[in-house]
Amino acid sequence: MDEAEETKATPGAVPPPRMIAWEITRSCNLACVHCRASAKHGHYEGELTTDEAKALLDNIKSFSNPIIILTGGEPLARPDFYEIAKYGREIGLRMVLGTNATLMTPEIAAKLKEVGIPRMSVSIDFPTAEKHDEFRGLTGAFEQAVRGIKIAQEAGVEVQINSTITKLNVDYLDDLLKFSKEVGAVAFHPFLLVPTGRGKDLEEQELPPEDYERTLNWVYDMQKVEKDIFFKPTDAPHYFRIMHQRAKEDGEKASKMMAGHPHASRGLETMTRGCLGGIGFCFISHVGQVQACGYFEKAAGNIKEQSFKEVWETSPLFTDLRDYDKLKGKCGICEFKRVCGGCRARAFEVTGDYLAEEPYCVYEPKAGKRAAATGSGCGAPGC
């Protein structure tokens, strides 16, 4: 066993998904500059009907029991949102909501509680109204979101804060944490930008690899000292490498930090490995396209053409992603590849090859250092 304490799935077995992000609509009342979907307000052709949505949930439940993140766009903009959420809950799925919270009213919050939504995530990218509103493309978005958070909490719905971290707001991390605690959030999830959709316009604002490293070390430090709020970096699989390295330096086991949190909320705070795309997680688009994640613009299949179960279990794309030995470049020889794996979406966006090495990781694998020292080459597939 290497120092990453790797774990392997049973050969031939396809573990069911643990979490699915489902873009139930692409329509949105905001126009955020980093939006992976380039979402806008209005009707989108081809969105799943109510019956198709329920059939999808039935198929998911037939072989798995994942958390379903109802996202968008702005999911509350879909007229049958409550019917879909309620149906999922009735068949035993855990349904949670990803929203900008600007549409929240006491009536909406009461409906969320009624149909069984226990938690919603809200995107806040700056701790001040002026900068947040500019980023979100709507004056008053910050004030409306804060009001929406309070309304939801009063109705008994937990709130998680998501923040997309770029050069524009990396210096506000402490303030974003402080804000999250002040509004009573149960979790703070920093998202590290993957430049897709409108986010491509922010490519110059993407953190350089060295700042990614500093940011993820900051998350580790905060995870150790903060007991009332949980941290879970997203789109940053190399955090798991940092966690293992830092925990070893501290004489601790990384598995303790990965196991959960004193205030864990039935699975939302557990962590297993870095990139989970096609492994324990996937994304379903508004038109039924199944992807490894929302930033990974390559189809594994479409639920209008085959069942979700069939896509999940037999897609060649997902089969590739589950085989860590197919990773190329330094990811292919890295001792942390089974707990990290690199961001496959970022590799695909930058190189066109989803198995290429993570382009925003500064770590040099031990095998690569040995090969460089002996002049033997890296030895990884595609190196």
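Tutor: Let's start with the salt bridges, of which a search of the whole structure finds 19. A salt bridge here is a side-chain nitrogen of Lys or Arg within 4 Å of a carboxyl oxygen of Asp or Glu. Side chains of opposite charge can pair when their charged atoms come close. Before we go on: this is a predicted model, where local features need pLDDT of at least 70 and side-chain atom pairs count only at pLDDT 80 or more, while totals for chains, interfaces and linings use all residues. Residues are numbered from 1 along each chain as its sequence is written, and side-chain values use heavy atoms, with hydrogens and water left out.

Take Arg241 and Glu213, whose closest N and O atoms are 2.6 Å apart in their salt bridge. Arg241 sits in helix α8 and Glu213 in helix α7, so this pair ties together parts 28 residues apart in sequence. (Helices, H or I with at least four residues, and strands, E with at least two, are DSSP runs numbered from the N terminus.) Arg241 is buried, with a relative accessible area of 2%, and Glu213 is buried too, at 16%. Buried means under 20% relative accessible area, exposed over 50%, and partly exposed in between, using a 1.4 Å probe and protein chains only.

After α8 comes Gly251, which has a positive phi, near 70°.

Glu252 is partly exposed, at 37% relative accessible area, and Lys224 is partly exposed at 28%. Some salt bridges share partners: Glu206, Arg346 and Glu358 are joined that way into one network.

One more pair to find: Lys181 and Glu226 meet through their side chains, 3.0 Å from N to O. Lys181 belongs to helix α6 (residues 173-182), while Glu226 is in the loop between α7 (209-225) and β7 (230-231), so to speak a link between distant parts of the chain, 45 residues apart. Lys181 counts as partly exposed at 38% relative accessibility, whereas Glu226, at 15%, counts as buried.

Now follow α6 to a neighbour. The buried residues of α5 pack against α6, and also against α3 (106-114), β4 (119-123), α4 (129-136) and β5 (158-165). Those buried residues are Ala141, Phe142, Ala145, Val146, Gly148, Ile149, Ile151 and Ala152. Following α5 is Gly156, with a positive phi near 95°.

A nonpolar core is a set of buried Ala, Val, Leu, Ile, Met, Phe, Trp, Tyr and Cys residues joined through side-chain atoms within 4.5 Å. The largest one has 95 residues, and Trp22, Phe81, Leu112, Ile161, Phe308 and Phe318 touch the most other members. Another core, of five residues, lies apart from it and includes Cys334, Val339, Cys361 and Tyr363.

Key. Contact means heavy atoms within 4.5 Å.
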